[in-house]
Amino acid sequence: MKLLRYGPAGKERPAILDSNGKIRDLSAQVSDIGGDALLPASLDKLRHLDINSLPLVDGNPRLGACIGSVGKFICIGLNYADHAAETGAEIPKEPVIFSKWTSSIVGPNDDVEIPRDSVKTDWEVELGVVIGKGGRYISEADALSHVAGYCVINDVSEREFQIERGGTWDKGKGCDTFGPIGPWLVTADEIPDPHQLNLWLEVDGKRYQNGNTRTMIFKVPEIVSYLSRFMSLQPGDIISTGTPPGVGLGQKPPVYLKAGQVMHLGIEGLGEQRQKTVQA
């Protein structure tokens with residue numbers, strides 16, 4: 001299934017994509033795509049619906065983030081061996097964890113704001129993992145059973161705020177609009193191997209990132225298990241699993257975003273995003 005949310009910001013409605021790529025409203029079945037609606041039993045109920053009998057959504061509405069009421073937006077840094085190399089970083093021995101604030105979350109095609117005083121706003125296409133069944137101390141062997149599905153994330157980052165301003169990475173990662181998510185949540189049953197997916201990103205038509213999830217250092221089961229040692233994972237939590245090489249920071253010389261540009265990115269089987277950059 002491809003689950004999504006559509007409508008004005010803050011008033012999104014739950015929906016599902018039918019076999020013809022049309023949006024069908026799910027408001028009569030679930031209040032939102034998030035929380036308990038992502039539990040295995042809830043997803044099973046949605047799978048048994050007659051999708052073609054659901055109300056058809058006309059036109060091309062705005063798409064919101066595919067997950068609503070997100071509790072935690074957790075990210076893994078330096079998780080692609082080739083990306084670590086381009087930034088001059090050592091291969092981490094354990095997953096590098098940081099957070100994006102939930103106030104950074106926007107729809108997949110919403111504008112991305114260049115923060116005031118920013119000179120190093122950057123892009124990062126990433127595979128998003130959405131938790132369905134919560135838990136603590138989850139074993140690697142059982143980890144994928146806790147995953148509701150996968151989505152595209154652009155982990156927009158301000159490198160000066162992140163690296164040069166002291167403290168943790170978080171201040172450069174969680175600015176408003178720095179978390180485009182979607183266009184849809186693709187349920188885990190449709191993605192047999194999350195570690196064989198091509199992912200890419202372009203700025204103004206130039207391809208900068210062109211990678212594959214097989215070069216991830218820590219795979220999805222290990223990430224889910226590892227995180228669950230330090231926090232309870234809950235339905236609707238989002239994990240952004242790191243980016244392949246080709247970020248602006250890694251260019252020689254570095255290249256950063258400015259207002260008026262367009263980012264276009266996608267992951268095989270998970271859809272595409274397109275954002276225009278604007279000045280905050």
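A salt bridge is a side-chain nitrogen of Lys or Arg within 4 Å of a carboxyl oxygen of Asp or Glu. The model is predicted, so local features need pLDDT of at least 70 and side-chain atom pairs count only at pLDDT 80 or more, while totals for chains, interfaces and linings use all residues. Residues are numbered from 1 along each chain as its sequence is written, and side-chain values use heavy atoms, with hydrogens and water left out.

**Exercise 1.** Describe the salt bridge between aspartate 110 and arginine 62 and its setting.

Step 1. The two side chains meet at 2.8 Å, N to O.

Step 2. Aspartate 110 sits in the loop between β6 (105-106) and β7 (112-114), and arginine 62 in the loop between α1 and β4 (73-77), so the pair ties together parts 48 residues apart in sequence. Helices (H or I, at least four residues) and strands (E, at least two) are DSSP runs, numbered from the N terminus.

Step 3. Buried means under 20% relative accessible area, exposed over 50%, and partly exposed in between (1.4 Å probe, protein chains only). With 17%, aspartate 110 is buried; arginine 62, at 26%, is partly exposed.

**Exercise 2.** Which parts of the chain does the salt bridge of arginine 47 and aspartate 189 tie together?

Step 1. The side chains of arginine 47 and aspartate 189 meet at 3.0 Å, N to O.

Step 2. Arginine 47 belongs to helix α1 (residues 40-47) and aspartate 189 to the loop between β13 (185-187) and β14 (198-203), so the bridge links parts 142 residues apart in sequence.

Step 3. Arginine 47 has a relative accessible area of 34% and is partly exposed.

**Exercise 3.** Is serine 157 buried or exposed, and which residues does it touch?

Step 1. Serine 157 is part of strand β11 (residues 157-158). At 0% relative accessibility, serine 157 is buried.

Step 2. Leaving aside residues up to four places away in sequence, serine 157 touches Lys120, Thr121, Asp122, Glu124, Gln162, Gly172, Lys173 and Phe178, where contact means heavy atoms within 4.5 Å.
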